Amino acid sequence: MTGRDTYIREEAQYIPARSSIGEAGAAFLELSQVGFSYSGKRPAVLSGINLTFAREGITAIMGPNGCGKTTLTKLMVGILSPASGEISLEGRSLQEYTLAQVGRRIGYVFQNPNHQLFCSTVEEEIGFGLTHLGEEPAVVRERVDFYLDYFELSPYRDQFPLNLSYGEKQRLAIAAVLAGEPGFLILDEPTVGLDIYREKLLEEQLHKVAELGRGVVIVSHDNKFVSQVAERIITLENGQVKWDSSWRGNNDHEA
Amino acid sequence: MTMKLDPRTKLVMVLCITTLAIVYNTPGALFLLLAATIGLLLLFRINLIRVMGYLKPYFMLLLVLFLAQCIFTPGGEVLLAIGSVRLLGTRGLLMGTTVVLRLLIVIAAAVLLTTSNSRDFISGLVQWKVPYEVAFMVSVTIRFLPIFRDEFINVVTAVQLRGVELKKVPWGQKIDLFRRLFFPVVYGAIVKAQQLSVAMEARGFRAYPRRTYLRQLYLTRWDYGLILVFPGLTLLLMGLHMRLV
Ligand SMILES: Nc1ncnc2c1ncn2[C@@H]1O[C@H](COP(=O)(O)OP(=O)(O)OP(=O)(O)O)[C@@H](O)[C@H]1O
Ligand SMILES: [Mg+2]
């Protein structure tokens, strides 16, 4: 903990939020003093990040464009490695995990759906993870049908994913990750490109995921969406944590 | 082999070679790739001596680039110094060699494109007298390749994040996986390259007039074979290089 963080915590009377973020033992994902910059010369994109995510609860990360939200989430799943500090997943350093091992614990939805769709059909895309983890074809089929139906992608079942509209791609990307039923989810701006009705569907789905005792982190600019789903809000600014609602242990959404 | 390949086939081959040139970063591997490319040019019965003649002016540029890389890259052991001023280090030599080899490969591969006897390639490309077009073509290729590489890296990341341990997938499955990923990757890269060229044109960049062609091009068995084999081989080599396979 740097002086700055400690100072804020003392001031704000640290009480854990209702999703029991606090006990070090219960932490699922923990970042301590994490700093990062793209290539050595550039100024640091993130610095002195201390955050703990419990296994449960919905957390939102907010902040202006370019403040490092995407970078932070990429660090959290090990796509990027921190330049300084330490990230641990289930008590072990994230460095010790392969990307695939992280992927089985954390589902990650990229900010740009084009970066994560790689199959030849929508159906295959949703079933990909399950199939490759050796799930029974019948189970895969059932799960795929459910998500196709839920995200209203059934008519596009045999379509080429990259030809879908942006909102459809976004839904597909989310469905493909949800289908793996990971214990923890990170979604980078999942509501961009979704219409109001689809946003509502996503909201419901996230609540369902949370009810199953799984953790969710969403990056979003959408105040309304965030206030509907998130119980904890973290605000980044200039690569640092400016505000974390768990500092006070209440649910106010002033970010 | 009398090579009457479709220009599209040649384009695929050139893209593959240049991709490898960018992926590889050791002089040894690059040298082998250059040798293979030159071998290919010989197969195409290209008069290397004449090509050299055309390219002479650019060799100066290469030399300058080489020297600049050598002198301005710090690190490594000092090989040459005047008094206390270091002129040449091992790392510089390495960097210089790498850069020059890479450029030579790109140029050699681009020469392949000039062998198209159909006029579907911009005539400026065939006639070396118009270096602007050559430069344009090469620059577009060079711009295109990082897109392809990024696309590849994205897909590999995305696949692994869905829980697939690429390194541990058995061989048969791996080949099947890469085969299935190949099309989406290429398609994604092409869509992005299109966006790039549209963006360039929208900002007023124009290399040659838009044309439509009356003559239809047909792919032969050779074309199909090469279009399949080259990218497959390239992906395999890239996979080997990135230690995925
Ligand atoms: N691959 C990269 N190479 C170099 N700089 C990068 C790269 N990706 C992001 N950056 C820079 O890092 C900073 C943080 O980027 P990041 O994508 O994390 O922001 P963000 O908070 O997600 O923004 P947005 O709200 O627009 O999604 C930005 O200044 C950006 O320009
Ligand atoms: Mg972002």
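How many of the 9 residues of helix 2 of chain A are buried? The count is 7, so this helix is largely enclosed by the rest of the structure. Here, buried means under 20% relative accessible area, exposed means over 50%, and partly exposed is in between (1.4 Å probe, protein chains only). Helices (H or I, at least four residues) and strands (E, at least two) are DSSP runs, numbered from the N terminus. The model is a predicted one, where local features need pLDDT of at least 70 and side-chain atom pairs count only at pLDDT 80 or more, while totals for chains, interfaces and linings use all residues. Residues are numbered from 1 along each chain as its sequence is written, chains are lettered from A and ligands numbered from 1 in the order in which they are written, and side-chain values use heavy atoms, with hydrogens and water left out.

The buried residues of helix 2 of chain A are Lys69(A), Thr71(A), Leu72(A), Thr73(A), Leu75(A), Met76(A) and Val77(A).

Now for the metal. Thr70(A) (OG1) and Gln111(A) (OE1) coordinate the magnesium ion (ligand 2) at 1.9 to 2.2 Å. Donors are N, O and S atoms within 2.8 Å of the metal (3.2 Å for Na, K and Ca), and water is not among the atoms, so sites may look incomplete. Thr70(A) sits in helix 2 and Gln111(A) in the loop between strand 6 (106-109) and helix 4 (122-132) of chain A, so the pair ties together parts that are 41 residues apart in sequence. Gln111(A) has 33% relative accessibility and so counts as partly exposed.

Chain B has its own layout, with 8 helices and 2 strands. Along the sequence they run α-α-α-β-β-α-α-α-α-α. Of its 245 residues, 41% count as buried. Contact means heavy atoms within 4.5 Å. Among contacts in chain B between residues at least 6 apart in sequence, 71% join residues at least 24 apart.

Thr37(B) gives a close-up of this chain. Thr37(B) belongs to helix 2 (residues 27-43) of chain B, and its relative accessibility is 2%, so it counts as buried. Setting aside neighbours within four places in sequence, Thr37(B) is in contact with Ile17(B), Ile105(B), Ala108(B) and Ala109(B).
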